[in-house]
Amino acid sequence: MRILTWNLFHGRGVPDQPRSLGGAFARQLAAWEWDAALLQEVPPWWPEYLAAACDAQAFTARTSRNQVLPLARVFAARRPDIVKSWGGGANAILVRGGGVTAHVRLRLRMRPERRVLHAVRLGGDIWLANLHAAAHDRDEAQADIDRAVAALHRWAGDESIIFGGDMNTRRPIVPGFAHAGGKVIDHVFARGLTAAAPAQTLERGGLSDHAPVLVTLKPG
């Protein structure tokens, strides 16, 4: 099973580009081979659009700075380089091939910014969870990870779990999980599955300030 994790940097490029990059992100995601994608810092109006381009289902959890979303969307769609994170944020899980039987969310914090864990259940025995942990404070990031892990153990019982995203710490501690791969602060962990090959960092063509990480997992 191929799992991609990628922080989309609120739809921005590096260097900044004064135009909407929605089409570029959609084409790039559609071109890669993955079974499920864990995305963070997604403009909240993008998930369904990205999913359609990738022949996938989208499951979304709103995160931070969505207070004036209709107005922010107007400006962010034209000048994401100026609006930046004030365009609003969301996490998204994209799943190719269907088979999702549940989607659950848990709010982890409201301050300094709203953070949410969300997860989908694939078929009858695998949970896939996505997190964007608190930024700029390693202890707060780890606290979000701790709460997320506790929730996942409750939700999944004895079933397998894939847990990934932007952990906002280079060395996240995830009890009960094996590290499947990562790059800087973007990681994937698994319980009940193991890495089938070394993780890959994908070429993104100037999109986002985070490198996409692709891991391949097998039962084990």
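Modeller: Gladly. Start with Asn168, which sits in the loop between S8 and S9. Keep in mind throughout that this is a predicted model.

Colleague: What is the phi of Asn168, and is the residue buried or exposed?

Modeller: Its phi is near 55°, a positive value in a residue other than glycine. Asn168 has a relative accessible area of 18%, and because the cut-off for buried is under 20%, Asn168 counts as buried.

Colleague: Which other residue has a positive phi although it is not a glycine?

Modeller: Look at His136, with a positive phi of about 70°. His136 belongs to the loop between S7 and H5. Its relative accessibility is 85%, so His136 is exposed, whereas Asn168 is buried.

Colleague: And where does a glycine take a positive phi?

Modeller: Go to the hairpin of S6 and S7, where three residues lie between the strands. Gly123 has a positive phi near 60° there.

Colleague: Let us move on to the strands. How many strands form the open sheet, and in what order?

Modeller: Six strands form it, in the order S5-S6-S7-S8-S10-S9, with mixed pairing. Strand S5 (100-109) and strand S9 (178-183) are the edge strands, each pairing on one side only. From one strand to the next, the twist averages 15°.

Colleague: What packs on this sheet?

Modeller: Helix H5, residues 138-156, does. H5 touches S5, S6, S7, strand S8 (160-166) and strand S10 (186-191), and its direction makes about 145° with that of S5.

Colleague: The pairing is mixed. Where can I see that?

Modeller: Look on either side of S7. Strand S6 (residues 115-122) and strand S7 (residues 126-132) run antiparallel and are joined by six bridges. S7 and S8, in turn, run parallel, with seven bridges between them.

Colleague: How should I read the side chains along a strand?

Modeller: The general idea is that in a regular strand the side chains alternate between the two faces of the sheet. In S7, Ile126, Leu128, Asn130 and His132 point one way, while Trp127, Ala129 and Leu131 point the other way. Seven of the seven residues of S7 are buried, so this strand is largely enclosed by the rest of the structure.

Colleague: Now the helices. What do I need in order to describe a packed pair?

Modeller: Two packed helices are described by the angle between their axes and the distance between the axes. Helix H1 (residues 22-31) and helix H2 (residues 47-54) pack at about 40°, and their axes are 8 Å apart. The two are therefore oblique to each other, and H1 passes H2 in a right-handed crossing.

Colleague: Which residues meet there?

Modeller: From H1 they are Gly22, Gly23, Phe25, Ala26, Leu29 and Ala30, and from H2 they are Tyr49, Leu50, Ala53 and Cys54. This contact is made up of eight nonpolar and two polar residues, with no charged ones.

Colleague: Gln28 also lies in helix H1. What does Gln28 touch?

Modeller: Leaving aside residues up to four places away in sequence, Gln28 touches Trp6, Glu203, Arg204 and Leu207. With a relative accessible area of 19%, Gln28 is buried.

Colleague: Where are the cis peptide bonds?

Modeller: One runs from Val14 to Pro15, with omega near 0°, and Pro15 is in the loop between strand S1 (2-7) and H1. Another runs from Arg111 to Pro112, also with omega near 0°, and Pro112 is in the loop between S5 and S6.

Colleague: To finish, how does the chain look as a whole?

Modeller: The chain has five helices and 13 strands. Of its 220 residues, 53% count as buried. Among contacts with a separation of 6 or more, 68% come from residues 24 or more positions apart.

How values were computed. Residues are numbered from 1 along each chain as its sequence is written. This is a predicted model: local features need pLDDT of at least 70, side-chain atom pairs count only at pLDDT 80 or more; totals for chains, interfaces and linings use all residues. Side-chain values use heavy atoms; hydrogens and water are left out. Axes are lines fitted to C-alpha atoms, for helices over the stretch in contact, and angles run from 0 to 180 degrees between N-to-C directions. Helices (H or I, at least four residues) and strands (E, at least two) are DSSP runs, numbered from the N terminus. Angles under 35 degrees count as roughly parallel, over 145 as roughly antiparallel, 65 to 115 as roughly perpendicular and the rest as oblique. A crossing is left-handed if the near helix is turned anticlockwise from the far one by less than a right angle, and right-handed if clockwise. Contact means heavy atoms within 4.5 Å. Ala, Val, Leu, Ile, Met, Phe, Trp, Tyr, Cys and Pro count as nonpolar, Asp, Glu, Lys and Arg as charged, and the others, Gly among them, as polar. Two strands pair if DSSP finds at least two bridges between them. Buried means under 20% relative accessible area, exposed over 50%, partly exposed in between (1.4 Å probe, protein chains only).
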